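These are my notebook entries on a structure I looked through element by element. I set down what I looked up and what I found.

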Amino acid sequence: MLSAVREWLFGAGELAPHGFCLLWEPGLIWLYAVSDTVIALAYFSIPLALIVVGRRRSDLVFRPLLWLFAAFILLCGATHWLDVITLWTPLYGLQGLVKAATAFASIFTSFALWWALPRFLALPSAAQLRAANAELRASQEQLAHAQKMEALGQLTGGIAHDFNNLLQVITGSLGVIERLIARGRGEEIAPALASIKKASNTAASLISRMLSFSRRQTLLPRVIDPDKLVAGLEELLHRTLGPEIALDLRLADGRRSIVCDASQLESALLNLAINARDAMPEGGVLRIATADMRLDADELEPDMDPGDYVEIEVTDTGLGMSEDVLGRAFEPFFTTKRVGQGTGLGLSQIYGFVKQSGGFVRIASAPGEGTSVRIYLPAYELPADLVDEEEPSAERPELSSSGHRGKTLIVEDQAEVRSQIVGALHEMGCTVLEAGDGTAGLKIVESAAPLDLLITDVGLPGINGRQLAEAARGAQPDLPILFITGYADKSLETLRLGPNAEVLRKPFALDELVLKARTLLKQTASAQ
Ligand SMILES: Nc1ncnc2c1ncn2[C@@H]1O[C@H](COP(=O)(O)OP(=O)(O)O)[C@@H](O)[C@H]1O
Ligand SMILES: [Mg+2]
């Protein structure tokens with residue numbers, strides 16, 4: 001049986017080789033032989049190329065069709081190769097079998113091709129893909145623009161709303177004062193004045209938070225031990241959280257210090273505690289933990305430097321945030337709280353302040369699973385036992401008490417502010433020189449030396465306050481300087497205070513200014 005099959009496939013039997021049909025004419029024989037060999041080789045190379053495509057492009061959607069096509073072409077090649085063989089050897093059985101297999105494969109391939117044709121035609125061309133990509137990019141830009149406008153609208157609306165209310169209080173109170181004075185009841189203006197003061201303080205804190213968010217807050221960084229700072233807040237946190245919420249402090253006694261504005265960090269932690277309290281109306285646990293961390297590039301956002309950080313983590317067991325709220329939590333004026341309960345400026349203040357201090361913030365939260373806010377600040381090399389914990393302390397002398405008088409130059413471009421300061425300095429008994437811009441200030445510094453005190457705004461037309469201070473120190477190295485500033489311009493971000501220098505953030509009360517001026521004057525007097 002087996003030998004019969006072999007005979008049928010390979011046996012020449014009585015059959016003549018194919019060359020017989022070509023009359024063994026060498027020209028014809030070789031024309032056939034060479035042509036079929038070339039066709040066979042070409043056919044064999046095509047499946048090879050298809051195999052390379054199939055292996056490299058694992059994402060191809062037409063893979064089965066690709067293999068089918070490869071098999072079909074391989075069989076076509078084999079047919080042509082057998083055509084060459086049968087010129088000399090009559091393997092017609094085998095040739096027939098290969099032809100049958102080719103026919104089989106060709107039917108499937110052709111069906112499959114027709115079946116897949118609509119999908120082939122639907123495939124985008126490279127040019128179409130480029131156009132689609134461009135369109136997508138344009139619509140993404142449009143969306144980003146719309147979102148930016150939306151955020152700006154929210155910001156502007158938020159400011160407008162809050163300030164309108166404050167201005168209403170101030171305008172209303174001023175009206176009351178005017179009326180009372182007109183009726184000769186000037187001694188009754190105290191409540192109206194108190195309202196104005198309260199509204200102004202609220203406005204000042206609003207502005208301070210907004211400046212924080214925009215990273216334009218004048219920061220007064222110093223080296224602090226984060227554990228001590230958190231521990232120092234314990235009392236206040238207990239009072240803020242109330243009896244229903246347990247406070248769990250886990251301080252690592254970390255060795256590392258940080259350099260940042262302590263009062264801003266305290267207010268950031270307090271804001272987080274208030275958020276946690278609001279999220280735990282039924283009570284719960286607030287945990288504050290500190291840790292020293294080394295963070296590598298792959299754990300950080302691309303704009304952050306790898307290195308040592310101090311992590312302060314504030315975790316609550318409260319309601320948590322939905323994905324939507326989480327995505328917008330850092331936006332200024334974004335709040336889910338009722339009017340009067342939330343300003344939406346808590347997390348935005350923290351975000352801006354931490355960024356401005358060289359760190360970053362992360363939030364993890366899910367509905368029902370509480371919230372964890374982690375603040376990372378760059379660690380400072382100084383060992384913790386060398387940290388200066390003391391706030392610069394000063395007693396509060398009365399505004400009118402006799403102090404140290406001296407020749408004081410005030411440089412401030414806003415005329416009303418300048419005249420208020422001049423008035424207060426006169427009351428202190430100082431000899432006052434004044435200038436409305438940096439250049440005029442410099443002239444006085446150069447001509448009227450020696451001075452006892454320089455008070456200068458930082459952002460000034462002409463040369464700025466810092467440059468003026470440098471010039472003044474050049475002429476008079478020990479000159480005490482009081483900077484007043486309402487906005488940290490990029491160029492002024494690192495306001496390095498030497499000895500004998502202080503900063504007063506706008507808006508300030510005149511007593512604060514007098515206090516600082518007096519302290520600085522006293523230091524010079526005692527140094528002399
Ligand atoms: N600990 C928290 N748990 C749940 N939600 C929070 C928490 N902290 C903040 N949020 C959500 O983020 C919003 C913005 O917070 P924030 O900027 O502090 O503004 P505000 O507290 O004035 O609403 C909150 O209104 C609240 O929806
Ligand atoms: Mg808040």
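**Entry 1: two helices**

I began with α13 and α14, which are roughly parallel to each other (an angle under 35 degrees counts as roughly parallel, over 145 as roughly antiparallel, 65 to 115 as roughly perpendicular and the rest as oblique) because of the angle at which they pack. That angle is about 10°, and the two axes lie 10 Å apart. Axes here are lines fitted to C-alpha atoms, for helices over the stretch in contact, and angles run from 0 to 180 degrees between N-to-C directions. Helices (H or I, at least four residues) and strands (E, at least two) are DSSP runs numbered from the N terminus.

I then listed the residues that touch, with contact meaning C-beta atoms, placed from the backbone, within 7 Å. On the α13 side I noted Gly438, Gly441, Leu442, Val445 and Glu446; they meet Gly465, Gln467, Leu468, Ala471, Ala472 and Ala475 of α14. By class, this contact has six nonpolar, four polar and one charged residues. Ala, Val, Leu, Ile, Met, Phe, Trp, Tyr, Cys and Pro count as nonpolar, Asp, Glu, Lys and Arg as charged, and the others, Gly among them, as polar.

I note for the record that this is a predicted model, in which local features need pLDDT of at least 70 and side-chain atom pairs count only at pLDDT 80 or more, while totals for chains, interfaces and linings use all residues. Residues are numbered from 1 along each chain as its sequence is written, and chains are lettered from A and ligands numbered from 1 in the order in which they are written.

**Entry 2: the parallel sheet**

What do these helices lie across? Helix α13 (residues 438-447) lies across β8 (407-411), β9 and β10 (453-457), and runs at about 160° to β8. Helix α14 (residues 465-475) lies across β8, β10 and β11, at about 160° to β10.

I traced the sheet itself next: five strands, in the order β9-β8-β10-β11-β12, form an open sheet with parallel pairing. Its edge strands are β9 (431-435) and β12 (501-505), each of which pairs on one side only. From one strand to the next the twist averages 15°. Two strands pair if DSSP finds at least two bridges between them. I counted five bridges in the parallel pair of β11 (residues 481-485) and β12, where Thr485 has Arg505 as its bridge partner.

**Entry 3: the antiparallel strands**

I followed β7 (residues 371-380) through its partners. Strand β5 (residues 307-316) runs antiparallel to β7 and is joined to it by eight bridges; Glu311 stands opposite Tyr376. Strand β6 (residues 360-365) pairs with β7 in the antiparallel sense over six bridges, and Phe360 has Tyr376 as its bridge partner. The two strands β6 and β7 form a hairpin with five residues between them, and Gly368 in the turn has a positive phi of about 80°.

Two bridges join β3 to β7, again antiparallel. Here Ile258 is bridged to Ala379, and Ser257 stands opposite Tyr380. Strand β3 (residues 257-260) also runs antiparallel to β1 (residues 222-224), with three bridges; Val223 is partnered by Val259.

**Entry 4: ligand 1**

Which residues come nearest to ligand 1? Of the 22 around it, I recorded Asn275, Ala279, Thr335, Gly342 and Gly346, where near means a C-beta atom, placed from the backbone, within 6 Å. Helices α9 (262-279) and α11 (346-356) each supply at least two residues of the shell, and α9 gives the largest share, four residues. By class, the shell divides into eight nonpolar, twelve polar and two charged residues.

**Entry 5: domains and backbone exceptions**

I read the domain assignment (automatic or from a database) as domain 1 (2-122), domain 2 (128-213), domain 3 (222-386) and domain 4 (407-527). The centres of domain 3 and domain 4, taken over C-alpha atoms, are 35 Å apart.

Most residues other than glycine have a negative phi, and most peptide bonds are trans. Trp24 is not a glycine, yet has a positive phi of about 55°; Trp24 is in the loop between α1 (2-10) and α2 (26-56). A cis peptide bond joins Lys506 and Pro507, with omega about -5°. I located Pro507 in the loop between β12 and α15 (510-527).

How values were computed: Two residues are in contact if their C-beta atoms, placed from the backbone, lie within 7 Å.
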